[in-house]
Amino acid sequence: MGPRKPPGVSYESWVDRQVREAAERGAFEGLSAAGKPLDPALLTQTAGEWAVEWARREGADMTAALPPALALRRERQELVDAVPGKPTEEAVRAAVEHFNERLDAAYRRPQEVPPVALAFVDVERQLARWREVHPREPVAPEAPPQAAAAQRPWWARARSRRRSV
């Protein structure tokens with residue numbers, strides 16, 4: 001930002017002087033569009049069209065430009081898509097509960113245009129999806145104790161008592 005306009009100097013002459021001094025310093029040399037006419041398509045664009053084009057060109061995230069209800073819908077879909085990639089069940093549960101809390105807070109505020117009805121994310125359903133992708137390791141069955149294997153069943157012990165009596 002340059003210096004403030006001095007009092008008593010007309011705005012136009014002050015701006016002209018700023019531009020002339022910048023040109024003398026070489027501030028406008030080496031620009032990619034120097035000496036080229038402006039693209040006529042750019043002159044007819046609205047501010048919204050320009051912003052969308054800029055976001056595509058720069059790879060920017062346009063979620064912040066969405067109305068809050070639509071941003072929550074997009075975030076909900078991204079959350080559901082990301083569940084299988086979470087490292088643990090606790091991470092899935094925390095992410096889903098955090099989203100549900102934010103959605104609940106959004107419903108408590110006055111609705112903005114456009115109002116979008118959005119369901120809460122079911123924690124148990126998402127955990128089941130996560131478990132499908134991340135099965136638990138099978139637990140090896142425990143070996144029976146050696147003493148129990150050597151002991152005779154009760155009916156064999158009872159039969160041998162009858163014979164000895």
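Residues are numbered from 1 along each chain as its sequence is written, and side-chain values use heavy atoms, with hydrogens and water left out. Because the model is predicted, local features need pLDDT of at least 70 and side-chain atom pairs count only at pLDDT 80 or more, whereas totals for chains, interfaces and linings use all residues.

Helix α4 comprises 15 residues, 68-82, where helices (H or I, at least four residues) and strands (E, at least two) are DSSP runs numbered from the N terminus. From its first C-alpha to its last, α4 reaches 21 Å, close to the 21 Å expected at 1.5 Å a residue, the expected span being 1.5 Å times one less than the number of residues. Its buried residues are Ala69, Ala71, Leu72, Leu79 and Val80 (buried, under 20% relative accessible area; exposed, over 50%; partly exposed, in between; 1.4 Å probe, protein chains only). The cover over these residues includes α5 (89-108) and α6 (123-133). Within α6 lies Gln126, which is buried at a relative accessible area of 6%; leaving aside neighbours within four places in sequence, Gln126 is in contact (heavy atoms within 4.5 Å) with Val80, Val83, Val92, Val96 and Val121.

The lining of the largest pocket includes Pro68, Ala69, Leu72, Leu103 and Tyr107, and α4 and α5 each supply at least two of the lining residues. On a 1 Å grid over the protein atoms alone, a pocket is an open set of points where a 1.4 Å probe fits, with protein on both sides within 12 Å along at least five of seven lines, and lining residues have an atom within 4 Å of a point.

The structure holds 10 salt bridges, each defined by a side-chain nitrogen of Lys or Arg within 4 Å of a carboxyl oxygen of Asp or Glu. Arg74 pairs with Asp61, the closest N and O atoms being 4.0 Å apart; as Arg74 lies in α4 and Asp61 in the loop between α3 (47-58) and α4, the pair ties together parts that are 13 residues apart in sequence. Arg74 is partly exposed at 35% relative accessibility, whereas Asp61 is exposed at 55%. Arg131 forms a salt bridge with Glu89, with the closest N and O atoms 3.1 Å apart, and this pair ties α6 to α5 across 42 residues in sequence. Here Arg131 is partly exposed at 33%, while Glu89 is buried at 15%.
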